[in-house]
Amino acid sequence: QVQVVESGGGLVQAGGSLRLSCAASGSIFSINRMGWYRQAPGKQRELVARITSSGSTYYADSVQGRFTISRDNAKKTAYLQMNRLKPEDTAVYYCNTEVIQPGRGLVDYWGEGTLVTVSS
């Protein structure tokens, strides 16, 4: 079994910053990609940023230049530094982790999400 837990969400004013964390634990041989998704009310879940095990990154156009994804492989943790936040960044942020498990291969795990609210 694998647990994925996000933390760091909260209420912030426009222009402010937040840092999200995503920690994976449990039966893990290794972790492939780790990604942050978000879902705003009435909208579909969208990919925000993703990072491979070697550190290659991808960002959605809407956050490019404002958000930075990073990871600590030893801690099985990914981070999302969010700067110059805008009201349209308000959403529940979810962490997705591609875990390689002994005997099972590659399995996707999701956290329960952390709410980010940006006030104008």
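Tutor: Two strands pair if DSSP finds at least two bridges between them, and the strands themselves are DSSP runs (E, at least two residues; helices are H or I, at least four), numbered from the N terminus. The model is predicted, so that local features are taken at pLDDT of at least 70 and side-chain atom pairs at pLDDT 80 or more, whereas totals for chains, interfaces and linings use all residues. Residues are numbered from 1 along each chain as its sequence is written, and side-chain values use heavy atoms, with hydrogens and water left out.

Student: How many bridges join S7 to S8, and in which sense do these strands run?

Tutor: S7 and S8 are joined by 6 bridges and run antiparallel; within this pairing, Arg 71 has Ala 78 in S8 as its bridge partner. The two strands form a hairpin with 4 residues between them.

Student: In what order do the 4 strands of the open sheet stand?

Tutor: The order is S1-S3-S8-S7, with antiparallel pairing. Strand S1 (2-7) and strand S7 (67-72) are the edges, each pairing on one side only. Neighbouring strands are turned against each other by 15° on average, direction ignored, where axes are lines fitted to C-alpha atoms (for helices over the stretch in contact) and angles run from 0 to 180 degrees between N-to-C directions.

Student: Which residues make up the covered face of S7, and which the uncovered one?

Tutor: Phe 67, Ile 69 and Arg 71 form the covered face of S7, while Thr 68, Ser 70 and Asp 72 form the uncovered one.

Student: What pairs with strand S4 (residues 30-39) through 8 bridges?

Tutor: That partner is S9, which runs antiparallel to S4, and Tyr 37 stands opposite Tyr 94 in S9. S4 is also joined by 5 bridges to strand S5 (residues 46-51), again antiparallel, with Met 34 opposite Ile 51 in S5. The hairpin of S4 and S5 has 6 residues between the strands, and Gly 42 takes a positive phi near 80° there.

Student: Where is Ile 31 placed, and is Ile 31 buried or exposed?

Tutor: Buried means under 20% relative accessible area, exposed means over 50%, and partly exposed lies in between (1.4 Å probe, protein chains only). Ile 31 is placed in strand S4, and with a relative accessible area of 11% it is buried.

Student: How many disulfides does a search of the whole structure find?

Tutor: A disulfide is a pair of cysteine sulfur atoms within 2.5 Å. The search finds 1, joining Cys 22 to Cys 95 with an S to S distance of 2.0 Å. The pair links distant parts of the chain, since Cys 22 is in strand S3 and Cys 95 is in strand S9 (residues 91-101), 73 residues apart. The torsion about the S-S bond is about -75°, so the disulfide is left-handed. Cys 22 has 0% relative accessibility and therefore counts as buried, and Cys 95, also at 0%, counts as buried as well.

Student: Which residues other than glycine have a positive phi?

Tutor: Most residues other than glycine have a negative phi. Lys 76, in contrast, has a positive phi near 55°; this residue is found in the loop between S7 and strand S8 (77-82) and counts as partly exposed, because its relative accessibility is 30%. Arg 84 has a positive phi of about 50°, lies in the loop between S8 and S9, and at 49% relative accessibility counts as partly exposed.

Student: Which residues make the nonpolar surface patch?

Tutor: Patches are made of residues with over 30% relative accessible area and no salt bridge, like charges being joined within 9 Å and nonpolar side chains (Val, Leu, Ile, Met, Phe, Trp, Tyr) within 5 Å. A salt bridge is a side-chain nitrogen of Lys or Arg within 4 Å of a carboxyl oxygen of Asp or Glu. Here Phe 29, Ile 100 and Leu 106 make a nonpolar patch of about 330 Å². Leu 106 lies in strand S10, residues 105-110, and is exposed, with a relative accessible area of 52%.

Methods:
Accessible areas come from the Shrake-Rupley method with a 1.4 Å probe; for residues, only the protein chains shown count as cover.
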